[in-house]
Amino acid sequence: MALTIKENNGTFLVEGSINATTVKQFKNHLEFLLAYTKSLTINIEKVTAIDKNGLKAIEHIFHKAEFYNKVFTVVGYGCKDIYESIDFSIAA
């Protein structure tokens, strides 16, 4: 399934699978958004699957946001599992 990212009231709704096929598009898009916003919130409610590549990309964005002193938030069903899988001890 193709990955789509749409903005809705300041939150970016992610729909589809975040996997080896779509992770480059996902990461590039989030890095662009992070560069031009003070904070970034993504809603993963409509994400059907996230593989290890997708989790690494989300972790990378968290560390990049921390490095640039910006807020990156993941909301929606499954976000608790994502937060639990991220190693926050690694420096950006």
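Among contacts in the protein between residues at least 6 apart in sequence, what percentage join residues at least 24 apart? The figure is 69%. A contact here means heavy atoms within 4.5 Å.

This is a predicted model, where local features need pLDDT of at least 70, side-chain atom pairs count only at pLDDT 80 or more, and totals for chains, interfaces and linings use all residues. Residues are numbered from 1 along each chain as its sequence is written, and side-chain values use heavy atoms, with hydrogens and water left out.

Start with the overall plan. The protein has 3 helices and 4 strands. Along the sequence they follow the pattern β-β-α-β-α-β-α. Helices (H or I, at least four residues) and strands (E, at least two) are DSSP runs, numbered from the N terminus. Of the 92 residues, 34% count as buried. Buried means under 20% relative accessible area, exposed means over 50%, and partly exposed lies in between (1.4 Å probe, protein chains only).

Phe26 sits in helix α1. Its relative accessible area is 0%, so Phe26 is buried. Phe26 touches Leu3, Ile5, Val14, Ile18, Ile42, Ala57 and Ile58, leaving aside residues up to four places away in sequence. Take Leu3 from that list. Phe26 and Leu3 are 23 residues apart in sequence, yet 7.7 Å apart in space, C-alpha to C-alpha.

Next come two helices. Two packed helices are described by the angle between their axes and the distance between the axes. The axes of α1 (residues 23-35) and α2 come within 10 Å and cross at roughly 15°. Axes are lines fitted to C-alpha atoms, for helices over the stretch in contact, and angles run from 0 to 180 degrees between N-to-C directions. Therefore α1 and α2 are roughly parallel to each other. That label covers angles under 35 degrees; over 145 counts as roughly antiparallel, 65 to 115 as roughly perpendicular, and the rest as oblique.

Which residues meet? From α1 come Val23, Phe26, Lys27, Leu30, Glu31 and Leu34; from α2 come Asn53, Gly54, Ala57, Ile58, His60, Ile61, Lys64 and Ala65. The residues of this contact divide into 8 nonpolar, 3 polar and 3 charged. Ala, Val, Leu, Ile, Met, Phe, Trp, Tyr, Cys and Pro count as nonpolar, Asp, Glu, Lys and Arg as charged, and the others, Gly among them, as polar.

Turn to the rings. Rings of Phe, Tyr and Trp (its six-membered ring) pair if their centres lie within 6.5 Å; planes under 30 degrees apart count as stacked, over 60 as edge-to-face and the rest as tilted. By this rule there are 3 aromatic pairs. One of them is Phe62 with Phe72, edge-to-face, at 4.7 Å centre to centre and 65° between the planes. Phe62 lies in helix α2 (residues 52-67) and Phe72 in strand β4 (residues 71-75), so the pair ties together parts 10 residues apart in sequence. Both Phe62 and Phe72 are buried. Phe67 and Tyr68 have ring centres 5.0 Å apart and planes at 90°, so this pair is edge-to-face too. Phe67 is exposed, with a relative accessible area of 58%.

Finish in the loops. Most residues other than glycine have a negative phi. Asn9 has a positive phi of about 55°, although it is not a glycine. Asn9 lies in the loop between β1 (4-8) and β2 (11-18). Its relative accessible area is 74%, so Asn9 is exposed. Asn69 has a positive phi of about 60°. Asn69 is found in the loop between α2 and β4, and at 73% relative accessibility it counts as exposed.
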